[in-house]
Amino acid sequence: MSDLVELIDLKRYFGGGGNRFTGVQPVLRAVDGVSLTIRRGETLGLVGESGCGKSTLARTLIRLYRPTGGRILFDGQDITTLPDRDMQAVRRRMQMIFQDPYASLNGRMSVADLVAEPLEIAGIGTRASRRDTVAGLLERVGLGPEHAGRYPHEFSGGQRQRIGIARAIALDPDLVICDEPISALDVSIQAQVVNMLEDLQAERGLTYLFITHDLSMVRHISTRIGVMYLGRIVELAANAQLYERPRHPYTRALLASIPVADPGARRPATPMRGEIPSPLNIPSGCRFRGRCPLATDLCAAQEPALQDAGDGHLVACHYPDATDPQQGETT
Amino acid sequence: MTLLSVQGLQSEFRTARGVVKAVRGVDLTVAAGEVLGIVGESGSGKSVTCMSILKLLKRQGHITAGKALFQGRDLLTLSEAQLSDIRGDEIAVIFQDPMSSLNPTLTVGAQVIEVILRHRKVSRAQARARAVELFDLVRIPAAESRVDAYPHEFSGGMRQRAMIAMALACDPKLLIADEPTTALDVTIQRQILTLLKDIQARMGMAMILITHDLGVIAETCDRVCVMYGGLVMEEAPVKALFARPSHPYTRGLLAAVPDLRDGMRQRLSPIPGSPPDMADPPPGCPFAPRCPAAMVHCVAERPPLFIATDTPRLGGGQSARCWLMHPDAPEVSP
């Protein structure tokens, strides 16, 4: 079986609780019915604007959040409601790299201790053998033995991200979720980290879920890409298909918004109007219709389902073959 | 006509770790109506340069040398009172994070009105009318009622529009925009850049745009300064910079970004190493330790800024702080 992860109509809502003093709190539908698969060995890119639910999706996938609805299959096993004790063994196989390595590393632990921690918790090896493993991991991510005794504040952002990566691969996971791993890094360092992630994937057969808002980098690194909008996947396709023939008007608008590092490049005539609505108050029908140049009465009445438009190119739009009247051509 | 001319600017921060030499001799000029981009990575000195011009450095920050001539007057010698007449009037600034530059306890309109009343002899009603007009200008919908909203009632994009409205309140001759779209989503960034560029051209205002994003530079600027290690490493008209980058650092930066049009899965070319520690910068060229073309001399002596008339190796209007531009240096193909 080639699917490592399968999500079926996954939902994660926040709020909705409350008591007789506070009244019922509004429900925030952060992830609102996502179905997708992550194939073994691939990099699935997940893009979308802030608040679209991409980070919540990742955190629900590894059960940092309890799903509100739907199912999560990991390597064929349904982990949706797996008890915490059984979850521990599964979690070893799924690791996460965060955006801000400074916030995700305990500043009072040395680098060697930070990288050894996952091994210790999993009860792997002896103290001495762990020391060798840690040295090997540090070397792999480009840090020397002289760095082992130092603390996170002594490192640059790029080096800290390397420590985060060493921690994530320490237990030889199957799946690594990279949540905006390069967004906080300088341009010259981003390429170093991305190259390292690609090398590690080739060496260790890792599967990546790569979450980012950087549409240039996601194209570079991903095998397939999913576009999220307001808690839902609106388009999911192989890398080249998505960039060369985007079928959802939101994807087209996103791609047209990327600033191109070429002063002679053609710019879109008009930027996309409006902003992403609040997930507390999701529009009826198609969630994108308020900003969509193609929207009709049908879009207000009925939410389009994510459907295969041919060759595995999934799109959730009533008019996947129309061209946008307002947007200029995408470059 | 030169509007702003910065000459030999040096600024430093006195910290517990020692003296951080953030800006180490920056020269730049901005002509009236021109958009100058300053691009560089964190710690390159791009923001400190601009904050020094307005004497807005934090407490540990000191300007140790240089001039900043604005319409012939040296801003660095003015008193605080004289400067605050200029700030918000002839020179305005917008920052990356509009939430931290807006007062959360006042309505957005009140803050715009305050700027107008500070610099113009008008009634409160006239100032309010002007605020509504400005909200319209930056395309905040329902301007008349949104003027009375508080910052937390605005989205990130709308807050940045409000900041732009405030900056434009007194028709500045120069707008300094410090990473104005970095905190915004890409579709909102596109809206704000289009708006800024449109207003800038319509009002004939000069602008300094500070960013780390080469795409933003390519789309908005007329001329570009590339900063690294507290120095301007290369300056060029925008087309020349992307077509014929002359400094190895500029070439490295351009090569490190994936090219969206060339498809996928080509290995990226990072710049090895990391930026210099400005508390202890290298004695020669700050980029020498990471430079693929570094020569013995690069480590020993800081290169001067070569201009096109010094050397056939630079195109018109281009200048570069690199020993490779020296007529006696070996030719290196990019």
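1. What share of the contacts in chain B with a separation of 6 or more comes from residues 24 or more positions apart? The share is 63%. Two residues are in contact if their C-beta atoms, placed from the backbone, lie within 7 Å. In chain A, 67% of the contacts between residues at least 6 apart in sequence join residues at least 24 apart.

2. A word on conventions. This is a predicted model, in which local features need pLDDT of at least 70, side-chain atom pairs count only at pLDDT 80 or more, and totals for chains, interfaces and linings use all residues. Residues are numbered from 1 along each chain as its sequence is written, while chains are lettered from A and ligands numbered from 1 in the order in which they are written.

3. Confidence in chain A. pLDDT is the predictor's confidence in each residue, from 0 to 100. Its mean over chain A is 90, and 97% of the residues there reach 70 or more. Strand 3 (residues 43-47) of chain A has the highest confidence, at 97. Helix 3 (residues 101-104) of chain A has the lowest, at a mean of 78. Look also at residues 327-331 of chain A, where pLDDT stays under 50. The model has 18 contacts beyond four places in sequence for that stretch. Where pLDDT is low, the predicted coordinates should not be read in detail.

4. Chain A overall. Chain A has 11 helices and 12 strands. Helices (H or I, at least four residues) and strands (E, at least two) are DSSP runs, numbered from the N terminus. The radius of gyration of chain A is 21 Å, close to the 20 Å from the globule rule for 331 residues, so chain A is as compact as a globular protein of that length. That radius is taken over C-alpha atoms, and the rule is 2.2 Å times the number of residues to the power 0.38. The C-alpha trace of chain A spans about 70 × 60 × 45 Å along its principal axes. Of its 331 residues, 46% count as buried. Buried means 20 or more other C-beta atoms within 10 Å of the residue's own; exposed means 12 or fewer, and partly exposed is in between, with C-beta atoms placed from the backbone.

5. A sheet in chain A. Four strands form an open, antiparallel sheet in the order 2-1-4-5. Strand 2 (27-39) and strand 5 (77-78) of chain A are its edges, each pairing on one side only. Two strands pair if DSSP finds at least two bridges between them. Strand 1 (residues 3-15) and strand 4 (residues 69-74) of chain A share five bridges. Within strand 4 of chain A, A:G69 stands opposite A:K11.

6. Chain B overall. Chain B holds 12 helices and 12 strands. A compact globule of 334 residues would have a radius of gyration near 20 Å, and the 21 Å of chain B agrees. The C-alpha trace of chain B spans about 65 × 50 × 40 Å along its principal axes. Buried residues make up 48% of this chain.

7. A sheet in chain B. Eight strands form an open sheet in the order 6-7-8-3-9-10-12-11, with mixed pairing. Its edges are strand 6 (91-94) and strand 11 (306-307) of chain B. Helix 7 (residues 156-168) of chain B lies across strand 6 and strand 7 (174-178), running at about 170 degrees to strand 6. That angle is between N-to-C directions, on a scale from 0 to 180 degrees; axes are lines fitted to C-alpha atoms, for helices over the stretch in contact.

8. Strand 8 of chain B. Where does this strand pair? It runs parallel to strand 3 (residues 35-39) of chain B over five bridges, and parallel to strand 7 of chain B over five bridges.

9. Where the chains meet. The contact takes 38 residues from chain B and 35 from chain A. Helix 8 (186-203) of chain B gives the largest share of the chain B side, seven residues.
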